[in-house]
Structure formats: structure tokens, C-alpha cells
Amino acid sequence: MSNALHRDELLPLDNSAIIYPPTVARFNTHTFRLSMDLTIPVYPHRLLTALEHIIERFPYFSVSLHRGFYWYYFLPHTAPLKVYPETPYPCAYMHRKKGAHGYLFKVQYTEHRIAIEIFHALTDGTGGLIFLKSLVAEYLRLSGYQVAPDDQIFLPHSLPHPEEKEDSFERFYKPLKSVFGSETAAFHMKADDELTDDIQVISARIAIADLKRLSTSHQVTITEYLVAELIDALQRIQEKEIPALRRRSPIRISVPVNIRKVFGSQSLRNFTLFIVVGIDVRLGHYDFHEILNQVMHQMRSEVNAKTLSRQVARNVAGRRHPVIRYAPLVFKNPFMKLLSDHYGDAIYSSTISNIGNVHLPDGMKEVVQRLDFYLSPSKTNKVSWAAIGTNGYLSLNCTSIFAHKTDFEQEFLTALVAKGIAVEVSTNRNGTER
Amino acid sequence: MAYCVRCGVKLESGATVCPLCNTQVMAPQDVIGKPGEPLFPSQPEAALRPRAPRLDKNRKGIIELIIAFMAIAVITLTITAFALDGSFVPWIPIGSVILGGAYLLIALFIRITYVKIVSWYALLTALLVVMIDLNNGKLSWSIPIILSLVLFYLTAVLPWALPKHQRKAGWIIGIVSVACYFIALDGLLTGAIDWSISIAIPTYAVVLLSLSFLILRIHYGRPSVTDIVLSIILSACWGVVAGDFFHLRSMGSNRLLSWSASVAIVAFCLLIFLTLNVSVRRVRNYFNNRVT
């Protein structure tokens with residue numbers, strides 16, 4: 001039996017995805033890249049075969065994006081699949097029709113790497129990782145390897161669970177009153193450098209054991225520790241850029257949280273919420289322990305089903321509001337563009353998305369050398385961080401639209417070095433000789 | 001593999017510069033190591049590079065909002081025209097909405113430079129004037145306005161639109177176009193070539209002559225701001241006096257000047273003051289052994 005969606009089956013965008021298509025613009029690509037480095041060579045024709053096999057299992061990814069009268073929507077897409085040579089600049093703009101033959105993901109390869117670049121309206125990091133793991137597992141199977149079963153590896157001919165294509169926001173929505181609040185604008189680094197469309201990356205490779213030791217000594221998780229270091233780095237930058245205390249703004253970091261486990265969902269579409277944690281530097285300088293304390297308490301108090309329900313309600317209630325629901329898309333689009341910063345990017349200073357330590361099954365962990373995750377930055381938050389780990393190492397990738405400025409990356413990574421963490425860096429920035 | 005002496009980070013094998021601080025690695029080649037397989041592939045060919053959108057989010061939002069409001073206005077006007085059954089002709093309001101929107105959209109679409117924005121706005125103004133004038137079925141009062149806009153373009157925009165080495169030609173076109181403008185306006189208003197030849201062009205020539213002295217002074221000397229301002233006032237005075245003089249000649253009068261006699265006195269005083277100012281400074285510099 002074919003898993004494909006019916007030819008005319010219209011798939012609405014999930015509640016957190018509706019903001020992405022209208023707000024795509026220069027410097028706001030809303031894409032992310034996940035990649036696996038292999039010890040074996042990657043042959044494009046074999047990769048294409050693996051993709052053709054595996055896409056059957058992910059019918060909700062085999063779609064194209066269309067403009068409706070009220071909303072954007074997905075329709076099943078059957079154009080021939082293609083694999084592309086990897087580009088040096090990740091998270092590039094993906095035109096919804098011409099970008100990847102109408103698909104909203106792009107499978108890329110180099111000699112030893114399989115990467116996937118996905119438009120965020122399709123899925124989040126967890127969905128993307130499951131797709132990539134399944135694709136690589138199929139590629140390895142075609143190359144003669146035996147990959148042990150894994151929860152996050154879907155076999156080509158298995159049947160998709162009905163929950164996989166659901167919009168879990170709708171299922172877990174509880175109507176609440178006054179869910180729309182707004183925060184003050186957060187600190188954003190001065191745009192005193194040329195901006196570029198080519199996403200500039202500084203990739204740091206860190207031993208997970210070192211980070212674990214350091215974070216455990218402070219009784220916090222690795223994510224909490226990294227968030228605290230980012231806030232501290234931004235505090236130092238703000239003190240340099242804005243000497244007057246009364247002119248400073250709060251520093252906040254947005255941390256996407258995979259809420260599938262919290263709510264018990266198996267959806268492979270977007271089911272992530274953002275926790276915004278930070279410090280109000282107008283109250284004075286925070287030392288690192290104060291920051292760590294703030295981050296730990298704010299994050300732990302936010303990640304529970306009840307508090308997260310509020311954000312779920314906000315996402316869904318916005319879409320269900322009659323004025324928004326029945327306004328034609330041509331009128332909704334400009335307002336979404338102009339107001340999205342006010343409710344999103346403007347209230348935090350940067351983002352860090354940590355997928356965590358990825359378990360690879362036997363047969364795969366021997367072949368996969370490294371995993372990487374890149375998140376597109378935006379015009380307001382020009383620098384983003386994304387972390388993913390495997391085989392004992394964490395890849396911490398900083399993507400930026402600053403053509404030359406690396407103050408944030410330098411402040412953050414040198415702080416880790418100063419605390420005894422060995423950090424190895426690579427870059428795609430031009431002018432850095434290799 | 002080397003370490004950055006400033007940041008302390010470990011650099012990938014073969015890297016000779018720290019990507020964080022651009023510090024050069026000063027280490028033997030065996031420490032730096034040989035370049036391995038790069039984490040990022042080399043630059044793709046231009047054809048393979050994805051094209052980025054031209055406009056950022058806020059600018060796109062404002063453009064879409066303007067277009068949406070224009071669409072609402074046009075639809076409302078059209079419906080009103082149908083509802084009022086011919087007693088309301090919507091073309092001028094619709095055209096005005098479209099052109100009004102175009103004024104805003106152009107400022108958002110193009111990369112703003114003086115030449116581009118002024119050229120587009122001159123064109124849109126000409127279209128707006130023609131559209132309103134055509135309401136009567138023929139062009140009448142809009143022609144002198146369009147002529148003025150053309151003159152404005154030739155004198156105030158064209159010299160800057162041309163490449164630097166052709167800018168002098170632009171100035172000459174601008175100067176000649178003023179004279180042509182007088183003739184065209186004369187022809188339009190009187191149906192013959194009358195005051196333009198006898199009054200306007202000679203007066204214009206006097207003003208040009210006076211201004212050319214100022215330009216020469218600026219070119220060869222270093223006049224003070226006061227000198228420049230007074231010289232411009234002097235040129236204006238000469239213009240007024242010349243206008244009166246040539247007007248009397250065209251009337252066949254025997255009088256040298258009529259109402260502008262007092263202006264002529266001011267002009268002579270200014271001329272004497274400016275001449276003395278230049279001469280005294282030169283004499284003073286001569287006795288102070290200063291080169292001018």
C-alpha cells in the first residue's frame with residue numbers, strides 16, 4: 001500500500017509554521033541544515049536512490065507550498081527528486097517553487113557528507129534529524145551495511161503513524177484568556193558591519209565530557225551552561241557598545257524546546273516552542289554565577305506542560321481569531337511581516353538550539369564521524385547558535401550575517417577556553433587562509 | 001594543528017589565520033599541518049548559487065501594505081462609480097491613488113540616490129499633471145508645467161546623471177536649456193517669439209556673465225563665504241536691472257532705467273565693495289610678502 005498523500009489532499013501548515021512563508025525575505029530564510037560526515041564515500045546516484053526509497057515513508061515531506069486565499073497550504077508534490085552538491089554557505093534562501101524543484105527540502109552531498117537543508121515550515125530540528133537518520137541508514141543499507149533498528153530511523157516500506165502528520169498544537173490546545181503579552185525589546189548587537197546573504201559560519205568542536213564536567217560542577221545542564229555563557233558574552237559586548245547603563249536593554253536568549261516528550265506527541269511536523277531566558281542589565285552588572293542561577297531557574301520553571309500550554313494557546317488562538325482567520329492572505333502577509341519582530345525576534349538577542357547528544361545505532365555509529373546543525377539567523381538577530389553532538393563531541397555552529405564581525409563568537413568561545421575547555425574552530429569565512 | 005595565541009582556540013589542520021580574531025599563525029609548517037578535507041566545500045559557481053531575495057522583511061511588509069491599501073482604494077472607487085451610475089467618474093481618483101502609491105513604492109524599491117529619486121519623482125509629477133489636465137479631453141495648462149519639469153531635469157539632474165568626464169557637457173546643456181525654455185514658453189503663451197528674444201534671453205545673458213565672474217573667482221582664488229554671498233546678490237541685482245533695461249528698450253522708451261534705478265545703485269555699491277575687498281587684500285598681502 002502506498003504511503004503517499006492523496007493527489008488532492010490539502011495539508012494545512014501547522015500552527016507554528018504559518019509565520020514562516022510570509023516572513024521569508026532577505027536575511028530571513030527560515031531554513032536549517034543538518035549534516036552527517038561519513039567515513040565512506042557518498043555517491044550521488046546511490047544517495048538519490050536512498051532518497052527515493054525513504055521519501056515514501058515521509059509523505060508529509062513530499063509536498064509543495066501554495067498560496068491560498070486565507071492561508072498558505074501544502075499539496076502533495078511528485079516532481080522528480082534531485083540531490084545537490086553541498087554549498088559552502090548553509091541555510092540559503094529556498095524559493096518555494098524553484099529552490100528545490102518545488103520541494104521544501106534539499107538533500108546535499110560532498111565526498112563524505114550527506115546534508116539536508118529544510119525550510120522551517122515543513123518541520124523542526126527533530127523532524128529533520130529523523131529524516132536525515134532514515135536517509136543515511138537507507139544509504140548505508142544500499143552500500144551493504146547493516147544498521148540496527150532505532151526509534152528515530154524509519155524504514156522505507158513501513159507505515160507512517162497517523163500522528164506523524166498531525167498538527168499537535170491543535171490537539172494540545174486549551175483555550176486560555178489573555179495569552180497575548182509582549183516583552184520589551186532586547187539588546188541587539190550594533191550593525192556596524194556589512195551584512196551578507198551568504199551565511200557565515202564559525203564551527204566549534206568541543207568534547208562533550210569536558211562540557212559535562214564543567215556544567216555538572218555548577219549543577220546545571222549543558223544547555224543551561226551554554227545559554228549562561230552566551231548571555232555573559234552579550235553582556236560584555238553591550239558594556240563595550242553602550243557605556244551608559246540607562247541606555248542598555250535586557251539580554252535574552254531564545255531556546256527552542258522540543259515539546260514532543262512533554263506532551264507525548266509523535267508528530268514529525270513543527271512541535272517546538274521557544275523559551276526566552278535572560279537578565280535585565282539595567283539593574284547592574286551580573287557576574288557569571290548570578291547569570292547561571294537566573295538561567296537555571298527560568299528554564300526549569302518554563303519547561304512543564306502547564307506553562308508551555310500557554311504558548312500553545314497563544315499560537316493556536318492567534319490563528320483561530322476570526323479577524324485573522326477570515327482576513328485574506330494578501331492583507332495578513334504584510335502585517336505578519338511587520339509584527340513578527342515585535343512578538344519574536346525583537347524580544348531576544350540571539351538563539352541557541354541544542355538538539356543534544358544524538359544516539360546512533362550499531363552499524364551507523366561506526367560510519368558516522370560527525371553531525372552538524374546550522375540554524376539561519378535573521379535581520380534582527382544576526383547571529384544564531386546551533387548544537388548537536390555524537391561520538392563524544394559537540395558541534396556548536398554559529399551562523400551569522402555579519403560579513404566580518406565576529407565579536408560574539410570570540411567572546412563566547414574564548415570564555416570557554418578560559419575555563420579549560422578545548423575548542424577547535426573551522427570556518428567558511430573568506431579571507432581565512434587554510 | 002596550531003592554536004591561536006590570542007584566543008586560545010585550536011585551529012583546524014592547515015589553517016594559518018584564526019577565524020575569530022584574524023591573528024596570523026606563527027608556527028612551523030609541521031605544527032600548522034596539512035589541509036585536510038575542509039568542513040565547508042569551496043565556493044560554488046555563480047550559476048549554482050541560490051539567489052537571495054532583494055528586499056528585507058520590513059521593507060517587503062511596507063510595500064505589500066501599500067499595495068493592499070491601493071487595491072482597496074481602487075476597488076472602492078470602482079464600486080462607487082458603478083453604484084452612482086455614471087455621475088461619478090473614477091479615473092482621476094484611481095490614477096491619483098496609483099501614482100500616489102507609486103511615489104511611496106519607488107522610494108522603497110530603488111536604492112535611493114539623488115539622481116534616481118528626483119528623476120522618478122519628476123516623471124511621476126509629469127504623469128499626474130497630464131492625467132488631471134486630460135480630464136478636459138485635451139492638454140492645456142499642463143504643458144508649461146511639463147516644460148518646467150523638463151527644464152528642472154536638464155539643469156538640476158542631468159549634469160549629475162552623466163559620468164564625471166561628461167559633466168561639463170551637462171552644464172552646457174543646462175545653460176542652453178534655460179534659453180530654450182524662455183523661447184518655448186514665449187511661443188506657448190503669446191503664440192509668437194516676442195519677449196523671450198528682446199527681454200528674457202539678454203537678461204539671462206547678463207546674469208550668466210555676472211555669475212561666470214564668480215565662478216572664475218572660485219576657480220582661481222579662494223573667496224570667503226561673504227564674498228560668494230555678496231557676488232550672488234550682485235548677480236541677482238544685475239538681473240533685475242538688466243530686465244528693466246531691456247524691457248524699456250523693447251517698449252521703445254528713451255529712459256535708461258525706471259523702477260530698478262535704486263537696485264542699480266545697490267549693485268554698483270556692491271561691485272565697488274567687492275572690488276575694493278579683493279584689491280585691498282592683494283595689496284595687504286603684497287606688503288606682508290604673502291603669496292596669494
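Guide: Two residues are in contact if their C-beta atoms, placed from the backbone, lie within 7 Å. The model is predicted: local features need pLDDT of at least 70, side-chain atom pairs count only at pLDDT 80 or more, and totals for chains, interfaces and linings use all residues. Residues are numbered from 1 along each chain as its sequence is written, with chains lettered from A and ligands numbered from 1 in the order in which they are written.

Visitor: Which element supplies the largest share of the side of chain A that touches chain B?

Guide: The contact takes 42 residues from chain A and 35 residues from chain B. Strand 8 (195–207), helix 11 (329–343), helix 12 (407–418) and strand 15 (423–427) of chain A each supply at least two residues of that side of chain A; helices (H or I, at least four residues) and strands (E, at least two) are DSSP runs, numbered from the N terminus. The largest share, 6 residues, comes from helix 11 of chain A.

Visitor: Which residue does A:Val425 stand opposite?

Guide: Strand 15 of chain A pairs in the parallel sense with strand 1 (residues 10–11) of chain B over 2 bridges, pairing requiring that DSSP finds at least two bridges. In strand 1 of chain B, the residue opposite A:Val425 is B:Leu11.

Visitor: How many faces of helix 8 of chain A do its buried residues line?

Guide: A residue is buried if 20 or more other C-beta atoms, placed from the backbone, lie within 10 Å of its own, exposed if 12 or fewer, and partly exposed in between. In helix 8 (residues 288–302) of chain A, the buried residues are A:Ile291, A:Leu292, A:Val295, A:Gln298 and A:Met299. Seen down the axis, they fall within an arc of 145° (taken from the directions from the helix axis to the C-beta atoms), so the buried residues of helix 8 of chain A line one face.

Conventions: The expected span of a helix is 1.5 Å times one less than its number of residues.
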